[in-house]
Amino acid sequence: MNKNLWLLILSQVFAFTAAPVTVFLSGIIGSQFSPVKSLATLPMALSIVGIAIFAIFAAKVMSIIGRRAGFMLASIGSSLSSLLAAYSIINESFILFNCSCFLLGAGVAFSHQYRFAAVETVKKDMAPKAISIILLAGIGSAFIGPNVANITKDIISEHLYAGSYIALAALTLTSTIFLLFYQDGHKPNRINKKIKRSYLELISQPRFLQALVASAFAYAVMSFLMTATPISMHVMEKISLTKTGIVIQLHIAAMFLPSLVTGNLIRKFGHSKIMYAGVVLFLVTISTSLFEQNFVNYLIALIFLGFGWNFLFISGTSLLVLSYREDEKFKAQGFNDLIVYSIQAVASLSAGIFLTLTSWKTMNLICLIFLAIIILSTLRADSREKR
């Protein structure tokens, strides 16, 4: 732990509140304003599309202006996007609300770069620990964001949830306070482009591909089920908004709480074994779909969904930073996030459609395909390394 890492943690807590608030409210608000029921999850999906589209842009911007300026720019943008969301709710505009969620996703794309910034503050062998610590800050975001959104939802009495996004504007802007004290060691990237490997050369490395697949499909499974949860619980099963909020909050907490030990587990057992463990945790989630859809089963499913994501995403990200050269870091990081969040966007966008056309159980069983791909890529990388 050092000063820069502490400042990144504190800044991330507030910058990342946009993500859990979007998960908590976008589907519910979408179901109120959407002209077509199956498009209720479109705002959530568009926020992830925003993440995917701006992933490479965020890495490129930071390679030019540095981490601190990039994070501050994103915080200001997220604050303005939150105000646009509040305005869209007041005017009951589904189109404007979708636009605001898309722009909030752009801000989150920059927030995802915090994990790479954290790695740069420590030695490479401590990368899993640094990533775990920075992701642990997500617990603060998970409780601050939805709780503040819930408390402030009635500030504008005639327009439920408009106050939530006004509060979110203040939360995301708060992160800039900590960034003022962050010491950015950025140097302009003047490396000769001729010596850089192409995207194809990067992805042809078994370990790079393994890292990419683990992160991408961990997010696909998590987003596919998480996006559908508020609709399935609150809208279809008539479970209260309070209980739905508890499930989402504990799910997000479960995404980050294992970070206390995940870094150490990776250093002790290796990346591949932790990836296999993540797959097993996902299987617990899928198994619960075979039983009655009630509050307890949703709670168990979403908690293990968070655990599985944590193991796969941290092991994938920490393996990634070992798979590229220093001069390739922004290129490799941007490409990784583009693929990861593009796949997540497709999963999130299709969640509402699949939930409407099929069932919660079927959605869970579909996720077995993603788990098979993770296992195959890990087995391939392990076997290549032994040769």
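Arg207 counts as buried in the predicted model, at 19% relative accessibility, where buried means under 20% relative accessible area, exposed over 50% and partly exposed in between, with a 1.4 Å probe and protein chains only. In this predicted model, local features need pLDDT of at least 70 and side-chain atom pairs count only at pLDDT 80 or more, whereas totals for chains, interfaces and linings use all residues. Residues are numbered from 1 along each chain as its sequence is written, and side-chain values use heavy atoms, with hydrogens and water left out.

The side chain of Arg207 meets that of Asp382 in a salt bridge, at 2.9 Å from N to O; a salt bridge is a side-chain nitrogen of Lys or Arg within 4 Å of a carboxyl oxygen of Asp or Glu. This pair links distant parts of the chain, with Arg207 in helix H11 (residues 206-236) and Asp382 in helix H17, 175 residues apart. Helices (H or I, at least four residues) and strands (E, at least two) are DSSP runs numbered from the N terminus. Asp382 is buried, with a relative accessible area of 16%. Salt bridges with shared partners join Arg67, Glu120 and Lys329 into one network.

By the salt-bridge rule the count comes to seven. One of these pairs is formed by the side chains of Arg67 and Glu120, at 2.5 Å from N to O. Arg67 lies in helix H4 (residues 67-90) and Glu120 in the loop between helix H6 (114-119) and helix H7 (127-136), so this pair ties together parts that are 53 residues apart in sequence. Arg67 is buried at a relative accessible area of 2%, while Glu120 is partly exposed at 37% relative accessibility. A further salt bridge is made by the side chains of Lys153 and Asp154, with an N to O distance of 3.9 Å. Here Lys153 counts as buried at 18% relative accessibility, and Asp154 is partly exposed with a relative accessible area of 46%.

Helix H3 (residues 42-65) has 24 residues, which should span 34 Å at 1.5 Å a residue; the end C-alpha atoms are 33 Å apart, in agreement with that value. The expected span of a helix is taken as 1.5 Å times one less than its number of residues. H3 bends by about 45° at Phe54, the bend at a residue being the angle between axes fitted to the seven residues ending there and the seven starting there. Gly66 follows H3 and has a positive phi, near 95°.

Phe54 is partly exposed at 21% relative accessibility. Not counting residues up to four places away in sequence, Phe54 touches Phe102, Ala106 and Ala109, where contact means heavy atoms within 4.5 Å. Phe54 and Val108 are 54 residues apart in sequence, and their C-alpha atoms are 9.1 Å apart in space. Ser47, also found in helix H3, is buried with a relative accessible area of 6%. With neighbours within four places in sequence left aside, Ser47 is in contact with Thr22, Cys101, Phe102 and Gly105.

A nonpolar patch on the surface is formed by Val280, Leu283, Leu290, Phe291, Leu365 and Leu368, with about 550 Å² of accessible area together. The elements that give two or more residues to this patch are helix H14 (271-288) and helix H17 (360-386). Patches are made of residues with over 30% relative accessible area and no salt bridge, like charges being joined within 9 Å and nonpolar side chains (Val, Leu, Ile, Met, Phe, Trp, Tyr) within 5 Å. Accessible areas come from the Shrake-Rupley method with a 1.4 Å probe; for residues, only the protein chains shown count as cover. Leu365, in helix H17, is partly exposed at 37% relative accessibility.

H14 has 18 residues and reaches 27 Å from its first C-alpha to its last, close to the 26 Å expected at 1.5 Å a residue. The buried residues of H14 include Gly278, Leu281 and Phe282. Gly308, in helix H15 (residues 295-320), is in contact with Gly278, Leu281 and Phe282 when its neighbours within four places in sequence are left aside. Gly308 is buried, with a relative accessible area of 0%. The C-alpha atoms of Gly308 and Tyr276 are 9.5 Å apart in space, and the two residues are 32 apart in sequence.
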